[in-house]
Amino acid sequence: MRYNKIRKMDISNGPGVRVSIFFQGCHFHCEGCFNPDTWDFNCGKEFTDETIERVLELCSKDYIVGLSMLGGEPMHPTNIPGSTKLAKAFKERFPEKSLWSWTGFTYEGIKDNEIFEYLDVLVDGQFKKDLFDPRLHWKGSSNQRVIDIKETRKKGEIVLYKDEEY
Ligand code: SF4
C-alpha cells in the first residue's frame with residue numbers, strides 16, 4: 001500500500017495542531033474531490049514500518065494533540081491493514097492524543113473493522129458537490145457525519161461529535 005503525503009503540522013483537519021497522513025488510492029472518485037491526486041493506487045510512496053515510526057516521531061511533540069488519517073481512502077481494503085497498524089501503534093504510544101479519520105464509506109458498512117478500537121472520531125460519507133457548505137467544520141458536504149466513535153460504540157447508536165467549535 002502507498003501514501004501521498006505527511007503534514008508535520010496541520011490545523012485544518014480536526015481540532016488543534018495535528019499530524020496528518022494522506023493515504024494513496026481512492027475508488028470513490030467523488031465529483032469535486034479536494035484531493036484527486038490521491039485517487040491512483042499506484043502513485044505516492046510506499047507505506048512501511050519506517051513510515052509509521054516517522055509519523056509517531058512527529059506525533060511525539062508536545063504541541064501535537066493528535067493524528068488525522070485522510071485520503072485517498074484509509075478504509076479501502078488495500079489501505080486498511082496499514083491504517084489499522086498505524087492507528088494501533090499511535091494509540092499504544094499516545095493514549096491521551098486523539099485519532100481522527102475520514103472515509104467515503106458510511107460507518108455502518110465498515111464498523112466491524114479492528115480500526116474502530118483505536119479511532120476517536122470518524123468523518124464518513126462521500127463528498128457530494130450539491131450538498132457542499134463551506135460553513136461546515138471538518139466535512140465538505142452536509143450528508144457527511146462527524147461521528148464520536150467511542151460514544152457510538154458504547155451506546156450502540158450513532159453519536160455525533162460535539163465541542164464548542166462544531
Ligand atoms: S472519498 Fe474522499 S478522497 Fe475519495 S474521491 Fe471522495 S472526497 Fe476524494
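Where is the place of Gly72 in the chain? In this predicted model, Gly72 belongs to the loop between E4 and H2. The peptide bond that leads from Gly71 to Gly72 is cis, with omega near -10°. Most peptide bonds, by contrast, are trans. Gly72 is also one of the residues around the ligand.

The chain comprises 4 helices and 7 strands. Read from the N terminus, these elements follow the order β-β-β-α-β-α-β-α-β-β-α. The radius of gyration is 15 Å, close to the 15 Å given by the globule rule for 166 residues, so the chain is as compact as a globular protein of that length. Along the principal axes, the C-alpha atoms fill a box of roughly 40 × 35 × 30 Å. Of the 166 residues, 50% count as buried.

The ligand sits in the largest pocket, for which a volume of about 590 Å³ was computed. The lining of this pocket consists of 32 residues, and Phe34, Trp102, Phe127, Gly140 and Gln144 lie nearest its centre. By class, the lining residues comprise 15 nonpolar, 13 polar and 4 charged. Around the ligand itself are Cys26, Phe28, His29, Cys30, Cys33, Trp39, Gly72, Gly104 and Phe127. This shell contains 6 nonpolar and 3 polar residues, and no charged residues.

Backbone geometry was examined next. Most residues other than glycine have a negative phi. His29, although not a glycine, has a positive phi of about 50°. With a relative accessibility of 45%, which falls between the 20% and 50% limits, His29 counts as partly exposed. A positive phi, of about 65°, is also found at Trp138, again not a glycine. Trp138 is placed in the loop between strand E6 (121-124) and strand E7 (145-148). The relative accessible area of Trp138 is 13%, under the 20% limit, and Trp138 is therefore buried.

Thr78 is found between strand E4 (66-70) and helix H2 (80-93). Thr78 counts as partly exposed because its relative accessibility is 37%. Thr78 and Leu58 are 20 residues apart in sequence, and their C-alpha atoms are 25 Å apart in space.

Technical notes
Residues are numbered from 1 along each chain as its sequence is written. This is a predicted model: local features need pLDDT of at least 70, side-chain atom pairs count only at pLDDT 80 or more; totals for chains, interfaces and linings use all residues. Side-chain values use heavy atoms; hydrogens and water are left out. On a 1 Å grid over the protein atoms alone, a cavity is a set of points where a 1.4 Å probe fits but cannot get out, and a pocket is an open set with protein on both sides within 12 Å along at least five of seven lines; lining residues have an atom within 4 Å of a point. Grid points are joined across faces, edges and corners, and a volume is the space filled by probe spheres set on the points. Ala, Val, Leu, Ile, Met, Phe, Trp, Tyr, Cys and Pro count as nonpolar, Asp, Glu, Lys and Arg as charged, and the others, Gly among them, as polar. A residue is near a molecule or strand if one of its heavy atoms lies within 4 Å of it. A molecule sits in a cavity or pocket if more than half of its atoms lie within 2 Å of its grid points. Helices (H or I, at least four residues) and strands (E, at least two) are DSSP runs, numbered from the N terminus. The radius of gyration is taken over C-alpha atoms; the globule rule is 2.2 Å times the number of residues to the power 0.38. Buried means under 20% relative accessible area, exposed over 50%, partly exposed in between (1.4 Å probe, protein chains only).
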